[in-house]
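Biologist: I would like to learn how to read a model of this kind feature by feature, with the general idea placed before the particular case. Could we begin with the structure itself?

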Amino acid sequence: MNRQGKFRVFVFSKTVSFRHDSIPAGIEGLKQLGASTNSFTIEASEDSSLINADFLSQFKTIVFLSTSGEFLTGEQLQGLRTYINNGGGFVGIHCASAGMRSEPWYGELVGAYFTNHPEPQNSVVRAENKDHCILSGMPEDFKWFDEWYNFTRNPRDEVTVLLSTDESLYDGGTMGSDHPLAWCRDFDGGRSFYTALGHFDEAYQNETFMAHILNGILWTASII
């Protein structure tokens with residue numbers, strides 16, 4: 001895969017509150033994904049001073065990998081906003097929905113804020129909007145073991161839902177009969193993709209999950 005030559009992706013994983021042990025596995029998995037598909041290169045950092053419009057302009061898309069807490073200053077958030085306004089892409093993975101609760105714009109960028117989750121357990125992930133390029137090659141449904149995130153609201157009316165689950169298949173869901181897990185949208189001049197999956201190291205070596213991430217990266221970078 002090399003549609004337009006390799007492009008650059010910035011992976012940001014700063015945490016101020018809860019820190020996921022899977023962050024190193026996620027970074028390594030993303031590096032392997034870019035190399036194996038010959039599509040992008042990764043630069044990774046937890047230095048929030050890099051979240052400014054000048055630095056971010058080098059990248060077609062940025063990945064917030066399980067970021068948490070109030071990890072950006074107001075000036076840094078404005079840098080992120082300018083980057084998105086200028087057509088940049090955003091990929092949020094797992095705990096990226098748990099941070100920056102003081103900034104409604106960030107909540108809109110991600111799509112919804114995380115509230116809580118039950119103990120990790122098995123459920124089934126269902127693909128929706130199968131014609132969307134992010135779901136290319138994805139099975140219609142697959143079994144998955146993860147933290148099943150509940151959210152402050154259901155974002156369906158504002159986003160294109162890509163994956164969802166059935167709360168009757170596990171304990172601790174609070175979203176009811178409609179529980180989105182991953183979605184995308186055109187937002188504020190750029191593109192945003194979020195997936196709630198990805199708590200465990202093993203996800204970042206799983207072909208189905210990483211195909212999901214790859215297509216999210218390519219879509220937010222406007223490659224597909």
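Modeller: At 41% relative accessibility, Asn129 counts as partly exposed, where buried means under 20% relative accessible area, exposed over 50% and partly exposed in between, computed with a 1.4 Å probe and protein chains only. This is a predicted model, in which local features need pLDDT of at least 70 and side-chain atom pairs count only at pLDDT 80 or more, whereas totals for chains, interfaces and linings use all residues. Residues are numbered from 1 along each chain as its sequence is written, and side-chain values use heavy atoms, with hydrogens and water left out.

Biologist: Where does Asn129 lie, and what is its phi near?

Modeller: The general idea is that most residues other than glycine have a negative phi, and most peptide bonds are trans. Asn129, in the loop between strand 6 (121-127) and strand 7 (141-146), has a phi near 50 degrees, which is a positive value in a residue other than glycine.

Biologist: How many helices and strands does the protein have, and how does its radius of gyration compare with the globule rule?

Modeller: The secondary structure comes to five helices and eleven strands. The radius of gyration is 16 Å, close to the 17 Å that the globule rule gives for 224 residues, so the protein is as compact as a globular protein of that length; the radius is taken over C-alpha atoms, and the rule is 2.2 Å times the number of residues to the power 0.38. Along the principal axes, the C-alpha atoms fill a box of roughly 45 × 40 × 35 Å. Among contacts between residues at least 6 apart in sequence, 73% join residues at least 24 apart.

Biologist: What percentage of the residues is buried, and which residues touch the most other members of the largest nonpolar core?

Modeller: In soluble globular proteins, nonpolar side chains tend to be buried together. Here buried residues make up 57% of the 224. A nonpolar core is a set of buried Ala, Val, Leu, Ile, Met, Phe, Trp, Tyr and Cys residues joined through side-chain atoms within 4.5 Å; in the largest one, of 41 residues, Val63, Leu163 and Ile217 touch the most other members. Helix 5 (residues 207-220) gives the largest share of this core, seven residues. Apart from it lies another core, of 36 residues, among them Ala96, Trp105, Tyr113 and Phe151.

Biologist: Which residues does Phe10 contact, and in which strand does it lie?

Modeller: Phe10 lies in strand 1 (residues 7-12) and is buried, with a relative accessible area of 0%. Leaving aside neighbours within four places in sequence, Phe10 is in contact with residues including Leu50, Phe55, Phe59 and Val63.

Biologist: Where are Tyr106 and Met210 found?

Modeller: Tyr106 is in helix 4 (residues 104-110) and counts as buried at 0% relative accessibility; its contacts beyond four places in sequence include Phe64, Phe71, Ala96 and Tyr113. The C-alpha atoms of Tyr106 and Ala96, ten residues apart along the chain, are separated by 9.9 Å. Met210 lies in helix 5 and is buried at 7% relative accessibility. Met210 and Gly26 are 184 residues apart in sequence and 9.9 Å apart in space, C-alpha to C-alpha.

How values were computed:
Helices (H or I, at least four residues) and strands (E, at least two) are DSSP runs, numbered from the N terminus. Contact means heavy atoms within 4.5 Å.
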